[in-house]
Amino acid sequence: MLISLFEAESSIMFIRIFNVLIINFGLILNCVLKSVLFMACPFCDKRVQEGFLSSENFVAIYNIAPVLPGHSLIIPKKHVESLFDFTDAEVAEFMVLGRKVAFLLTKALNTDAFDWAVQEKEAAGQSVPHVHMHVVPRKVGDLPNPGDWYQELEKSEVHIDSANRKKLSPEEMSSIVTMLRKKTAELNLV
Ligand SMILES: [Zn+2]
């Protein structure tokens, strides 16, 4: 009787240890997969996240290959793939920062027009699986037709460093970001 009780306890102990090992293995595997994913995601790169305006969870960055002058992106600081993964408060924060950025860009470029877009999943044209909102200031006559900006975005947005679109040099990028940071302070948007 004593032996069988001991055996039963041993079995339970073995199952518990086994469960702990399985759970930990799952967690480790999850961490490894996430690390690999983050390494491959251009928007998770801390250098890319050095933007010109930010909020607690989001940052505005200048597009390295803009469709038109001022073309910027609002991205979450953490890797989030879908709008549906945001809380309601995060959706609000995302849009509020987007609107601030649109205001800043239109002031910086002396216009009152802009386009913005979020592509959800590959079928909708999402090229980088990290949520990003495009904000593009517009001027009358900047493209043959006002709606052409989306075709420009679609055909060239293979990666943020698209080969089909002229890439800014580090100097050009630095100069634009400095100007936008200065304008942000002037407009008291921080
Ligand atoms: Zn990412």
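Modeller: A residue is buried if 20 or more other C-beta atoms, placed from the backbone, lie within 10 Å of its own, exposed if 12 or fewer do, and partly exposed in between. This is a predicted model, in which local features need pLDDT of at least 70 and side-chain atom pairs count only at pLDDT 80 or more, while totals for chains, interfaces and linings use all residues. Residues are numbered from 1 along each chain as its sequence is written.

Colleague: What makes β3 a mostly covered strand?

Modeller: Strands are DSSP runs of E with at least two residues, helices are runs of H or I with at least four, and both are numbered from the N terminus. In β3, 5 of its 5 residues are buried, and the strand is therefore described as mostly covered by that cut-off. Ser72, Ile74 and Pro76 point one way from β3, Leu73 and Ile75 point the other way, and all are buried.

Colleague: Why do side chains of a strand point to two faces?

Modeller: In a regular strand the side chains alternate between the two faces of the sheet.

Colleague: How do you know which strands pair with β3?

Modeller: Two strands pair if DSSP finds at least two bridges between them. Because 5 bridges join β2 to β3, these two meet that requirement, and they run antiparallel. Likewise 3 bridges join β3 to β5, again antiparallel. Ile61 stands opposite Leu73 in β3, whereas Ile74 stands opposite Met133 in β5.

Colleague: What makes β1 and β4 the edge strands?

Modeller: The 5 strands form an open sheet in the order β1-β2-β3-β5-β4, with antiparallel pairing, and β1 (53-54) and β4 (113-118) each pair on one side only. The helix α2 packs on this sheet and touches β1, β2, β3, β4 and β5.

Colleague: Why is a group of residues here called a nonpolar core?

Modeller: The term means a set of buried Ala, Val, Leu, Ile, Met, Phe, Trp, Tyr and Cys residues joined through C-beta atoms within 7 Å. The largest such core has 25 residues, of which Ala60, Ile74, Ile75, Leu97, Val101, Leu105 and Val135 touch the most other members. At least two of its residues come from each of β2 (58-62), β3 (72-76), α2 (88-108) and β5 (133-138), and the largest share, 7 residues, is from α2.

Colleague: Which residues are in contact with Ile75, leaving aside its neighbours within four places in sequence?

Modeller: Contact requires C-beta atoms, placed from the backbone, to lie within 7 Å. With those neighbours left aside, Ile75 is in contact with Phe43, Phe58, Val59, Ile61, His130, Val131 and His132.

Technical notes:
Two residues are in contact if their C-beta atoms, placed from the backbone, lie within 7 Å. Axes are lines fitted to C-alpha atoms, for helices over the stretch in contact, and angles run from 0 to 180 degrees between N-to-C directions.
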